[in-house]
Amino acid sequence: MRWPPPHKIRYSKRAKNVSMRIYAGSGLEIVIPERKKNVNVINFLNEHRNWIEKHAQQFTFLLPNHSDQKTLPEKIVLTAVNQSIEIHYRPINATTCVSYRAVKNKIIFYGAITDFSVCVPAVIHCLKKQAKKQLGELLNQLSLECHLPYQKLSIRAQKTVWGSCTAKKNIQLNYKILFLPQTLARYILIHELCHTIHLNHSASFWKSVARFVPDFRAQVKLLRKADQLLPRWLV
Ligand SMILES: [Zn+2]
């Protein structure tokens with residue numbers, strides 16, 4: 001394989017040690033603690049060459065296909081809430097910037113649309129708004145159904161966290177849940193609602209999850225690979 005392999009670097013305030021992970025769609029990611037910014041990445045890769053080469057096949061397969069950014073999607077399907085967003089493009093040659101207008105389930109981009117990557121930040125902004133509304137409605141509905149009240153919902157955009165719940169019963173959900181199958185999204189929301197009574201993953205916590213999601217084990221398993229269900233331009 002090509003050496004050093006293609007990789008992305010992410011700096012983290014929380015990480016203590018340099019680590020790496022393979023993500024579906026985005027390939028090899030090296031996480032570097034902020035305080036170890038000067039670490040020699042090539043040395044790190046060389047030290048872990050065996051591990052990387054062992055997983056090489058999987059990882060070549062998962063490497064991002066940059067041509068994906070060239071395709072301009074006309075529609076973004078939000079499977080979890082059974083909705084979609086239409087995207088229209090109005091390229092303007094005389095400008096170097098990109099602007100957009102979002103109306104209900106439609107986003108119109110104007111300007112220097114070279115590829116989809118220039119549109120992604122605006123799309124994410126709109127998706128977060130959608131998530132607040134649509135996942136909020138779903139959460140309210142499930143909260144009533146399960147008799148598990150919560151305080152407040154906020155929408156986040158973490159890389160690996162789908163949801164969380166605080167001792168004050170405030171729930172945070174990742175907007176990317178919008179792209180997951182309905183059953184999986186329902187499981188995540190119920191998982192967080194059950195944390196309003198059990199702030200841990202004890203046996204009693206899982207017992208209450210099982211009351212509402214009898215096949216929760218299958219959902220947990222599916223969730224581990226859920227980033228593969230996300231659109232390539234997002235990961
Ligand atoms: Zn949990």
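A residue counts as buried if 20 or more other C-beta atoms lie within 10 Å of its own, with C-beta atoms placed from the backbone. In this predicted model, buried residues make up 21% of the 235 residues in the protein chain.

**Overall make-up**
- The protein chain contains seven helices and 10 strands.
- Its C-alpha trace spans about 55 × 50 × 30 Å along the principal axes.
- Of the contacts between residues at least 6 apart in sequence, 47% join residues at least 24 apart.

**Domains**
- The protein chain is divided into domain 1 (7–64), domain 2 (67–124) and domain 3 (133–229).
- Between domain 2 and domain 3, the C-alpha centres lie 29 Å apart.
- Six residues of domain 2 are in contact with 10 residues of domain 3.
- On the side of domain 2 that touches domain 3, four residues are nonpolar, two are polar and none is charged.

**Nonpolar core**
- The largest nonpolar core has 35 residues, and those with the most contacts inside it are Ala80, Ala131, Ile177, Leu178, Ala185, Ile188 and Ile190.
- At least two residues of this core come from each of strand S4 (75–78), strand S7 (106–111), helix H4 (120–146), strand S10 (170–174) and helix H5 (182–194).
- Helix H5 gives the most to this core, with eight residues.
- This core lies between domain 2 (67–124) and domain 3 (133–229), because both give residues to it.
- Leaving aside neighbours within four places in sequence, Ile188 is in contact with Trp162, Gly163 and Ile177.

Terms used:
Residues are numbered from 1 along each chain as its sequence is written. This is a predicted model: local features need pLDDT of at least 70, side-chain atom pairs count only at pLDDT 80 or more; totals for chains, interfaces and linings use all residues. Helices (H or I, at least four residues) and strands (E, at least two) are DSSP runs, numbered from the N terminus. A residue is buried if 20 or more other C-beta atoms lie within 10 Å of its own, exposed if 12 or fewer, and partly exposed in between; C-beta atoms are placed from the backbone. Two residues are in contact if their C-beta atoms, placed from the backbone, lie within 7 Å. A nonpolar core is a set of buried Ala, Val, Leu, Ile, Met, Phe, Trp, Tyr and Cys residues joined through C-beta atoms within 7 Å. Domain bounds come from an automatic or database domain assignment. Ala, Val, Leu, Ile, Met, Phe, Trp, Tyr, Cys and Pro count as nonpolar, Asp, Glu, Lys and Arg as charged, and the others, Gly among them, as polar.
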